[in-house]
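Please take a moment to look over the chain as a whole before reading on. The paragraphs below then lead through it part by part.

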Amino acid sequence: MICVALPGLAISNGQGQLTGQGLEGFYRAGRRLLSRCQVRVAGREPLAVQAQMTGADHARFVGTLRASPHAGPDPDVVVERTRHADGTERITLHSAATRPLRLPVEVALGTDLAALGAIASGNAGPEVPASVHDAGLRWTAGREASTVTADPPPADALASAGLLRWEVELPPGGSATLELRVRTAGAGPVRAVGRAATSPLAQAGATGDDPCVQAFLRTSVDDLQALLLRDPAQPTDVYLAAGAPWRCGLAPADALAAARMALPLGTRLATGTLRALARSQLTGPGQQSGLIPGPRRDAGGHLPPACTGTEATLLFPALLAEARRWGMPEHEVEELLPAAERCLTWLRTAVGDGMYLCDPQPGGPVRCETQAHAHRAALLGADLLDACGRPGGPGLRDWARALRSAFRTGFWVDGLGGGRPAAARSPDGRRVPHLGAAAAHLLDTGLLGGGQLAPGLLERVQTEQLARLLGSPAMDSGWGLRGLGVKEAGYNPFGHRSGAVRIQETATAVAGLAAAGYEKEASALLRGVLAAAGAFHHRLPEMYAGEQRGDGSTPLPHPAACRPAATTAAAGILLLTTLVGIRPDAPAGTVTLRPVRSAPLGELTLNGLRVAGAPFSVRVSRLGLAMVEEAAEGLQLGL
């Protein structure tokens with residue numbers, strides 16, 4: 001159970017006691033400030049009866065015990081613990097006894113002050129000795145130090161045992177609360193970005209025939225709020241961390257992809273993310289000029305690791321162009337335009353006299369999804385340059401047109417079943433024919449003006465065949481889209497990119513299939529993900545096992561998955577807004593609706609979205625008809 005309000009984390013087991021085992025503890029900026037917090041009442045541990053996440057940043061644990069002599073089998077004291085990611089824990093004792101109770105309460109505390117990476121690799125080290133500090137304890141190891149302060153102050157504080165003690169008096173039916181505050185020594189409380197009044201994300205809501213949608217959207221928005229971070233170089237700019245607990249920092253490609261899927265919640269997150277990454281962009285002479293640096297990422301057993309910097313560089317101009325359509329103010333677009341132009345210049349330089357973009361540069365394979373990203377960047381980038389009166393648009397469109405022609409023959413692998421797109425072409429030109437979820441990016445073509453989508457790399461017959469493949473049992477696990485088809489060599493249901501269901505790719509497939517008119521395949525994938533969301537209490541991990549869904553089964557969690565993850569939470573926004581088909585063009589003062597006509601979830605209302613800088617609400621009927629219920633003044637419905 002992971003409570004998140006970055007830079008704070010609180011990781012717990014289902015019993016409520018923090019025992020110091022595994023990853024348990026309170027964290028701040030990747031450092032474990034407290035690993036052990038064990039409560040005893042009248043010399044006994046409460047019997048755990050319930051553990052529940054009550055929000056993205058807090059959890060509630062309930063235990064019981066019998067404190068009165070001759071009370072019989074029924075517990076007469078309830079111990080409720082509320083744990084917050086900001087380092088606060090409240091312990092409340094509720095008495096149901098008929099007589100006053102005087103109960104000794106002890107809290108055993110300890111920490112190793114270890115970094116999260118060291119803990120994950122099994123190198124946490126021993127606990128640090130404690131010392132008495134104010135109304136609590138303090139631990140120091142080199143330059144690292146943490147404190148726990150109690151309110152009310154304990155009657156006894158024993159540093160050698162790491163123990164705080166109280167004598168708690170409870171009248172019949174009464175309650176008493178102890179509060180512990182875990183802090184970095186010398187630092188006060190840090191308010192999480194997502195909990196500030198200036199959060200960049202709208203508090204959207206959903207209602208409808210499907211009882212899952214309300215909790216699913218609320219949890220998705222809450223998780224995005226919890227993962228927000230301020231850019232140290234410019235604290236007014238915020239972006240999303242990749243995920244908790246493993247990736248609590250900026251991952252450029254993930255941050256851009258999540259900001260793009262979250263555009264229905266407003267453009268401020270996109271602005272902050274683009275500004276932060278523009279500051280990291282490589283400039284000056286050389287072929288790497290314009291590249292947004294990013295780490296390598298595993299690509300499964302068939303291909304070498306990919307460079308996420310390539311993906312981020314191609315996402316930057318696409319996000320800026322689409323954010324403008326959703327209502328990003330023109331002065332912000334103008335501010336970010338030079339960085340987008342540098343990304344597009346890098347693209348043309350990296351392609352050179354060839355046709356395809358290899359990844360990594362230079363000499364890497366030519367990946368299917370990289371060509372999809374590059375094609376979208378060129379078309380949306382050209383649209384952006386034309387709208388802002390900058391040169392370069394026609395050249396980008398010419399290259400994109402040539403890429404389409406080359407891709408449709410050079411990447412298509414013919415076969416008895418109708419063929420498939422190759423996953424990649426090796427440096428020697430050989431096709432890598434395996435079928436994976438990365439092919440879903442071919443359907444994500446991007447938004448142009450007037451509610452029109454950009455053309456894709458595939459022709460109509462090829463798109464139809466890809467839709468058939470993505471909807472087949474080999475790819476659709478019943479819980480979402482597998483990373484690799486079950487019949488492919490190297491398939492592993494737990495493989496990061498070789499069989500596990502990844503929510504981002506599944507949402508990309510759902511949106512692309514729906515936009516292309518393949519509603520049956522899109523609806524099946526959507527319903528699978530929503531069923532999985534119910535099994536995960538609506539907080540989906542970034543991935544889970546791709547094993548086939550069966551009667552009475554539940555999806556198998558992946559032990560290395562982040563939960564929450566930025567791209568997964570943002571994918572929740574994309575999945576639900578796909579059903580409505582919102583295609584805004586704020587500069588033209590229009591919004592076009594292309595709902596899924598089959599209405600796979602029945603009636604659905606989305607409220608509190610943002611289009612053209614104003615609240616936007618829309619309802620889709622059971623007949624698949626969309627009606628705007630709230631919009632910016634003067635915003636017209638496009639055809």
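A residue is called buried when its relative accessible area is under 20%, exposed when that area is over 50%, and partly exposed in between, as judged with a 1.4 Å probe and protein chains only. By this rule T463 is buried, because its relative accessible area is 14%. This is a predicted model, in which local features need pLDDT of at least 70 and side-chain atom pairs count only at pLDDT 80 or more, while totals for chains, interfaces and linings use all residues. Residues are numbered from 1 along each chain as its sequence is written, and side-chain values use heavy atoms, with hydrogens and water left out.

T463 is found in helix α9; here helices (H or I, at least four residues) and strands (E, at least two) are DSSP runs, numbered from the N terminus. Which residues does T463 touch, leaving aside its neighbours within four places in sequence? With contact meaning heavy atoms within 4.5 Å, T463 is in contact with L443, L458, A516 and Y518. In helix α9, which covers residues 460-470, the buried residues are Q462, T463, Q465, L466, A467, L469 and L470. Among the elements that cover these buried residues of α9 are α8 (393-410), β24 (412-413), β25 (420-421), α10 (503-516) and α11 (519-535).

Not counting residues up to four places away in sequence, G485 touches L435, A474, M475 and Y491.

We can turn next to pairs of helices. Axes are lines fitted to C-alpha atoms, for helices over the stretch in contact, and the angles run from 0 to 180 degrees between N-to-C directions. Helix α3 (residues 252-261) packs with helix α5 (residues 308-326) at an angle of about 25 degrees, and their axes are 8 Å apart. That angle makes α3 roughly parallel to α5, since angles under 35 degrees count as roughly parallel, those over 145 as roughly antiparallel, those from 65 to 115 as roughly perpendicular and the rest as oblique. The crossing of α3 and α5 is left-handed, a term used if the near helix is turned anticlockwise from the far one by less than a right angle, whereas clockwise would be right-handed. On the side of α3 the contact is made by P252, A253, L256, A257, A259 and R260, and on the side of α5 by T308, E311, A312, L315, F316, L319 and E322. For the classes, Ala, Val, Leu, Ile, Met, Phe, Trp, Tyr, Cys and Pro count as nonpolar, Asp, Glu, Lys and Arg as charged, and the others, Gly among them, as polar. The residues of this contact of α3 with α5 divide into nine nonpolar, one polar and three charged.

In another pair, the axes of helix α4 (residues 268-280) and α6 come within 10 Å and cross at roughly 35 degrees, and this crossing of α4 and α6 is left-handed. T271, L274, R275 and A278 of α4 meet E332, E335, L336 and A339 of α6 in the contact, which by class has four nonpolar, one polar and three charged residues.

Charged side chains also form pairs. A salt bridge is a side-chain nitrogen of Lys or Arg within 4 Å of a carboxyl oxygen of Asp or Glu, and by this rule the count comes to 39 salt bridges. R260 forms one of them with D444, the closest N and O atoms being 2.8 Å apart. R260 lies in helix α3 and D444 in the loop between β27 (431-432) and α9, so this pair ties together parts that are 184 residues apart in sequence. R260 is buried, with a relative accessible area of 14%, and D444 is buried as well, with 18%.

R390 forms a salt bridge with E341, their closest N and O atoms being 2.9 Å apart. This pair links distant parts of the chain, with R390 in the loop between α7 (368-387) and α8 and E341 in helix α6 (residues 330-351), 49 residues apart. R390 is partly exposed, with a relative accessible area of 26%.

Finally, the backbone has some particular spots. The peptide bond from L6 to P7 is cis, with omega near 15 degrees, and P7 has its place in the loop between β1 (2-5) and β2 (8-11).
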